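Here are my notes on this one, written as numbered points. Have the picture open while you read, and take the points one at a time.

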Amino acid sequence: MHGEYKVPGGKLVVVDVDVEDGVLRHVRVAGDFFLEPDEALDAMNGALEGAPADAGAAALAARIEGALPPGTVLYGLTAEGVGVAVRRALAHATDWTDYAWQLIHEAPQPPALHMALDEVLTAEVAAGRRAPTLRVWEWGAPAVIIGSFQSLRNEVDPEGAARHGIEVVRRISGGGAMFVEPGNTITYSLSVPESLVQGLTFQDSYAYLDDWVLAALADMGIRAWYQPLNDIATDQGKIAGAAQKRIVGPDGGPGAVLHHVTMAYDIDADKMSEVLRIGREKLSDKGTASAKKRVDPLRRQTGLAREAVIDRMVASFRSRYGLTAGEVTDEELARARELARTKFSSSRWTARVP
């Protein structure tokens, strides 16, 4: 069995392993990491040899740490990362490059339709009728998107939303409320087969699915990192938040994961504070503690137009994993429009947690 895992912010770890009588055999750890002394690699392999095949990544990491020679230096590598690579090998996880990725980047859409497209496209990936997809959103109207489990009255000031013409919609994933305006926000979705994150914990899957965008930001001169559980941050504060939803496949079989991210290109902080019921602590977390009327993390840090940031992100993804132009099919769009009308535009759904 073969497993690979890119350590967030680090290097690739590759593990080949067999299982005999319920334990690991013939373990071979490799990768493009740095390790001193050389004997440490043999120590890793030896520590994993004979380990229970059902041991979790943390237990495997503990075995490795206990066997490393004194003074061992791991660069671009962690014992936990090796444990994750083992678990991915045993789970027969797939890799990014195993798929023919599609890009969807279409005209602006209403907020409710974006919610519906996420659900429909990810369900199509789960059913095997659609290739793994990167979808870049264009917003047709300003909106507040609240998490699946958030209280509507606790998160949104209805008078402020009405005054600024802000539509409120509820998404299918958890997490916090997001304030978006066309031209000021970069939002994208990944609809991926569940096998891509096999062997990863829920938290690790966030870091794994965010890793490509960290590299894209680095190419633009931004040092960004994954901040558990679901944020992307820089030394100037949070610039993005992610959320996920698992969708079960047909007949309860393997499904798909929706991972979507909203990035702050340029924020009207005053307007946001009038629409969202956000305390001082949460504003600070969003990088908006300043009294300035606008907060522009990506615009300021890149010096690039929003469209140029998106183009560079897409180019980075394409160079790493391949990417061909795709589109929402007529059938998918019809289903999404119906779902937008009956579910995501309905008060029953939006106020399901009052």
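In what order do the eight strands of the open sheet lie?

1. The order is β12-β13-β14-β15-β11-β7-β6-β18, and the pairing is mixed. At the edges sit β12 and β18 (324-325), each pairing on one side only. Strands are DSSP runs of E with at least two residues, helices are runs of H or I with at least four, and both are numbered from the N terminus. Two strands pair if DSSP finds at least two bridges between them.

2. Before going on, a word on what you're looking at. This is a predicted model, where local features need pLDDT of at least 70 and side-chain atom pairs count only at pLDDT 80 or more, while totals for chains, interfaces and linings use all residues. Residues are numbered from 1 along each chain as its sequence is written, and side-chain values use heavy atoms, with hydrogens and water left out.

3. Now find strand β8 (residues 143-146). It pairs with β9 (residues 167-170) in the parallel sense over four bridges, and with β10 (residues 178-180) in the antiparallel sense over three bridges. A143 stands opposite E167 in β9 and also opposite V180 in β10. Both faces of β8 are covered: A143 and I145 are buried on one side, V144 and I146 on the other. Here buried means under 20% relative accessible area, exposed means over 50%, and partly exposed is in between (1.4 Å probe, protein chains only).

4. On to charges. The whole structure holds 14 salt bridges, a salt bridge being a side-chain nitrogen of Lys or Arg within 4 Å of a carboxyl oxygen of Asp or Glu. One of them joins E332 and R130, with the closest N and O atoms 2.8 Å apart. Because E332 lies in helix α12 and R130 in the loop between α4 and β7 (133-136), the pair ties together parts that are 202 residues apart in sequence. Both E332 and R130 are buried.

5. Another salt bridge, at 3.0 Å from N to O, is formed by K343 and E119. K343 belongs to helix α12 (residues 330-344) and E119 to helix α4 (residues 111-126), 224 residues apart. There is also E49 with R25, at 4.0 Å from N to O. E49, at 28% relative accessibility, counts as partly exposed, and R25 does too, at 31%.

6. Most residues other than glycine have a negative phi, and most peptide bonds are trans. H92, however, has a positive phi near 55°; its place is the loop between α3 (79-90) and β6 (102-105). D251 is not a glycine either, yet its phi is about 60°, and it is exposed at 86% relative accessible area. As for peptide bonds, the one from E36 to P37 is cis, with omega near -5°, and so is the one joining P228 and L229, with omega about 0°.

7. Last stop: P37 is in the loop between β4 and α1, and D38 lies in that loop too. D38 is exposed, with a relative accessible area of 61%.
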